[in-house]
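This report goes through selected local features of a single protein model, element by element. Please keep the sequence and the model open while reading.

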Amino acid sequence: MAPTRAAAAAHRPSPFSREVRRWRTLRRMSQLELATLAGTTQRHLSFIESGRSAPGRPMVVRLAESLALSLRERNALLLTAGYAPAYEESPRDGAAIEPAMTALRSILTGHLPYPAVVAGPRGELVLANAAFEVLTEGAAARLLEPPVNVLRLALHPEGMGPRVLNLAAWGRHVTESLRARAAAHPDRGLDALAAELAGYLPAGAPPGPDHLGFAVPLRLRTAGGELRLLTTLTSFATAVDVTLAELHLEAFLPADPETAELLRRRAAARAAAPTG
């Protein structure tokens, strides 16, 4: 006997079912792989994706974790399944994350005389130390008006772009990292920013000889001489607040003794400069 319309409709994939399948496909995972990671069976996951089974909240959380979703994406998946979000999203100046923000300010200060910034998910500047001025030297005022985007500042022809001596190689490193993030966590804003930044780079430039292992040093011309800087990225891997989880600390390190000395001299000059 053919199934009734009501039975067919009951088993039609829900928005949640489609989301699970979309993320699984994006992660290039089989049903068996995802089911194993989430602590369930392939049959159960198949029923979830077909709309024949509605999972409980713990299963939705396990699926989101197994799919390596960001906290924001996990909240969205819970909402799609009909459950309340699991993770708070505090304002950046809120009391809930103030201890972490205070710790970040201490890290920025401790990194001196080298530049370091804290940025949001699309490159928006949140915090910076005093050495950040070496990156803004000569930049157009409009690029330094809040909200400052450090990725745009880094490559823009009115920002750092003209002072970056290896703009093709370093810029490609920046844009490819951004595209990789957008591929793992789809975001039209990231796609648009990556396309904009790519437009600031020279076309068809091959990789240069200035790679250090997997790192691409930033070669930056300054009033005091050339800097060669490596960058490190740090994030809160165990954060349970969406706002905190989306922040990352980018710290610049000298790639040679000359760069370290030049940055020390800049720091001494800043300290000696009159204030007020």
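With the side chain of which residue does the side chain of Gln31 make a polar contact?

## Gln31 and its surroundings

The model is predicted, and in it the side chain of Gln31 makes a polar contact with the side chain of Glu49, at 3.0 Å. Gln31 belongs to helix α3, which comprises residues 31–38. Its relative accessible area is 18%, and because buried means under 20%, Gln31 counts as buried.

When residues up to four places away in sequence are not counted, Gln31 touches Arg24, Gln42, Leu45, Ser46 and Glu49. Of these, Arg24 is also one of the buried residues of α2, the helix described next.

## Helix α2 and the residue that follows

Helix α2 runs over residues 15–26, that is, 12 residues, and reaches 16 Å from its first C-alpha to its last, close to the 16 Å expected at 1.5 Å a residue. Its buried residues are Phe16, Ser17, Val20, Trp23 and Arg24. They cover an arc of only 135° around the axis, so they sit on the same side of α2. The elements against which these buried residues pack are α3, α4 (42–50), α5 (57–66), α6 (71–80) and α10 (167–184).

Just after α2 comes Arg28, with a positive phi of about 55°, in the loop between α2 and α3. With a relative accessible area of 75%, Arg28 is exposed. As background, most residues other than glycine have a negative phi, and most peptide bonds are trans.

## Helix α5 and the residue that follows

In α5, the buried residues are Met59, Val60, Leu63, Ala64 and Ser66. Viewed down the helix axis, they fall within an arc of 165°, and they therefore line one face of α5. The cover over these buried residues includes α2, α3, α4 and α6.

What is the phi of Ala68, which follows α5? Ala68 has a positive phi, near 55°, although Ala68 is not a glycine. This residue is placed in the loop between α5 and α6, where a relative accessible area of 45% makes Ala68 partly exposed.

## The cavity

How many cavities of 30 Å³ or more does the structure hold? There is one, and the volume of the largest cavity is about 30 Å³. Rolling a probe the size of a water molecule over the atoms shows where empty space is left.

The lining of the largest cavity consists of Val60, Val61, Ala64, Arg74, Leu78, Ala86 and Tyr87. Both α5 and α6 supply at least two residues each, and the largest share, three residues, comes from α5. Val60 and Ala64, which belong to this lining, are also among the buried residues of α5.

## Prolines and cis peptide bonds

Pro85 is found in the loop between α6 and α7 (98–110), and at 40% relative accessibility Pro85 counts as partly exposed. Not counting residues up to four places away in sequence, Pro85 touches Arg57, Asn75, Leu78 and Leu79; Leu78 is also one of the residues that line the largest cavity.

Which bond geometry does the model give to the peptide bond from Pro146 to Pro147? That bond is cis, with omega near 0°, and Pro147 lies in the loop between α8 (133–136) and α9 (150–155). A cis peptide bond also joins Leu112 and Pro113, with omega of about 15°, and Pro113 is placed in the loop between α7 and β1 (116–119).

## Two further buried residues

Leu127, in strand β2 (residues 125–128), is buried, with a relative accessible area of 15%. Apart from its neighbours within four places in sequence, Leu127 is in contact with Met101, Leu104, Arg105, Leu108, Val117 and Val118. The C-alpha atoms of Leu127 and Leu144, which are 17 residues apart along the chain, are separated by 13 Å.

Asp256 is located in the loop between β5 (248–254) and α13 (257–272), and at 18% relative accessibility Asp256 counts as buried. A polar atom of the Asp256 side chain lies 2.7 Å from the backbone nitrogen of Thr259.

How values were computed. Residues numbered from 1 in each chain as written. Predicted model: local features only at pLDDT ≥ 70, side-chain atom pairs only at ≥ 80, totals over all residues. Heavy atoms only, no water. Helix = DSSP H or I, 4+ residues; strand = E, 2+ residues; numbered from the N terminus. Buried < 20%, exposed > 50% of the residue type's maximum accessible area, 1.4 Å probe, protein only. Polar contact = N/O pair within 3.5 Å; in protein donor to acceptor, adjacent residues only side chain to side chain. Contact = heavy atoms within 4.5 Å. Expected span 1.5 Å × (residues − 1). Arc of directions from axis to C-beta. 1 Å grid on protein atoms, 1.4 Å probe; cavity = no way out; pocket = protein on both sides within 12 Å on 5 of 7 lines; lining within 4 Å. Points joined across faces, edges and corners; volume = space filled by probe spheres on them.
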